[in-house]
Amino acid sequence: MVGAVGTPVVSRLADGRAARAVLVGTLLLIAVGGAVALVPSLPALIAARAVQGFGYSLVPLTVALARTHLKGATLARTMAVLSVSVSLGAGLGNPAIGLLVDVGGYRLPFLLVTLVGASAAWWVARRVPPTPDCGHRVVLDVPGALVLAAGLSALLLVVARGELWGWTTSRVAVLVVAGIGLLVGWVVLELRTASPLVDLRLLTSRSLLGVNAAAALSGIGMFAGASTVMLQAQTPPPDGLGYSVFVAGLLMLPMALTSLVTPAAGLWLARRTGHRYVLAGGLLLVATAFGHFALRHGSAAEILVSMVVMGAGIGLSYSVMPAVVVAHTPLARTGSAMGSEPGGAAGRRQRGRRRRGVDPGRAHPAGGPRRAGRGFRRGGSVRSGGSAAGRGGVPGGAAGRPTRPHPARDHRRLRCDR
């Protein structure tokens with residue numbers, strides 16, 4: 001929840017001259033969260049995970065800084081690497097964290113996070129140059145942030161607890177109505193605010209609508225789909241493979257390695273065929289990966305095939321997605337434009353639900369073996385369809401020529417846009 005709301009807030013702050021300070025502060029928050037988790041209590045662990053939710057804003061923060069200080073082919077390569085860092089971290093982090101848990105318990109990974117976060121903050125403060133003063137002042141839309149937090153909290157609470165409470169109960173109905181109403185009110189509020197938290201006119205413009213829809217659907221597929229694979233690998237036989245956390249994490253490694261090497265090919269293809277074809281092709285590969293997983297997930301080899309194809313699709317699509325967004329976004333809105341993609345939040349919430357579906361004291365996931373098997377097939381099918389739908393939204397949004405952004409007041413005051 002903190003990541004869903006904190007990301008647009010932090011990303012908006014990154015649009016100003018304090019971008020480097022915001023990045024340092026975010027890294028320090030992650031380090032503090034890791035330190036808090038070392039306290040042996042459940043409230044401390046929950047608080048630590050909430051604070052670390054701000055880590056999801058690191059990609060838009062770093063992309064905004066890269067656009068400020070880099071240009072040309074160097075900028076394109078840097079944005080491609082930054083955009084696939086999430087899948088790279090998932091593929092490398094899952095087996096590493098699993099190994100640390102097996103060796104030293106759950107506190108050892110948090111200790112590593114503390115050291116890495118503090119070291120990264122020190123390095124950024126020392127090596128990253130300050131952001132130039134572009135003549136504009138960032139005004140944080142506090143009412144918009146509060147209304148967005150309330151609306152998302154209501155809906156994500158339904159996603160997390162709806163099955164336990166019952167989908168037809170009055171509690172769920174009230175939360176759904178309240179959440180939708182608050183989000184509708186948030187949209188109206190953002191459209192009437194001079195310096196909104198999220199510039200909806202810009203994000204829904206003809207040039208960005210398609211790529212934003214593709215980013216949302218692919219984000220849902222990547223986060224929720226990868227967690228479904230982890231759940232399948234850890235589910236006891238006969239429905240799953242019964243692997244440990246470490247071994248299940250190793251199955252994610254091919255996705256990370258493939259997504260690391262394919263952005264170079266994506267940029268090469270984009271120069272010759274155009275960004276929209278590379279983006280559409282990458283999303284089609286992601287859909288193919290989940291389609292294969294929905295049908296074939298009974299062995300490690302079959303899962304590895306899905307992970308390789310998924311990594312290739314993520315590497316291709318995310319190598320050009322930031323370039324398309326940046327090409328149609330003013331410099332004063334780079335951070336908030338990159339941090340306003342909603343797919344990751346929904347996918348992460350689904351991931352939390354599915355991980356809680358495994359009861360270590362039972363032989364099968366909650367609901368029995370037949371339900372578990374159907375769940376894996378449905379999960380892969382839904383994510384495959386979502387990625388394919390995102391591919392269908394690409395051509396119109398990514399193919400258009402750059403258009404003039406919505407002339408909000410903070411855009412007009414920008415003097416060093418490029």
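**Close-up views of a predicted model**

View 1. Helices are DSSP runs (H or I, at least four residues), numbered from the N terminus. Among the buried residues of H13 are Pro 254, Met 255, Thr 262, Pro 263 and Ala 270. At Thr 262, shortly before the proline Pro 263, H13 has a kink of about 35°, the angle between axes fitted to the seven residues ending there and the seven starting there. Gly 274, with a positive phi near 105°, follows H13.

This is a predicted model, in which local features need pLDDT of at least 70 and side-chain atom pairs count only at pLDDT 80 or more, whereas totals for chains, interfaces and linings use all residues. Residues are numbered from 1 along each chain as its sequence is written, and side-chain values use heavy atoms, without hydrogens and water.

**View 2. The largest nonpolar core.** This core has 35 residues; a nonpolar core joins buried Ala, Val, Leu, Ile, Met, Phe, Trp, Tyr and Cys residues through side-chain atoms within 4.5 Å. Two or more residues each come from H11 (209-234), H13 (253-273), H14 (275-295) and H15 (300-327). H15 gives the most, with 10 residues.

**View 3. Confidence along the chain.** Mean pLDDT, the predictor's confidence in each residue from 0 to 100, is 76 for the protein.

Note on methods: Buried < 20%, exposed > 50% of the residue type's maximum accessible area, 1.4 Å probe, protein only.
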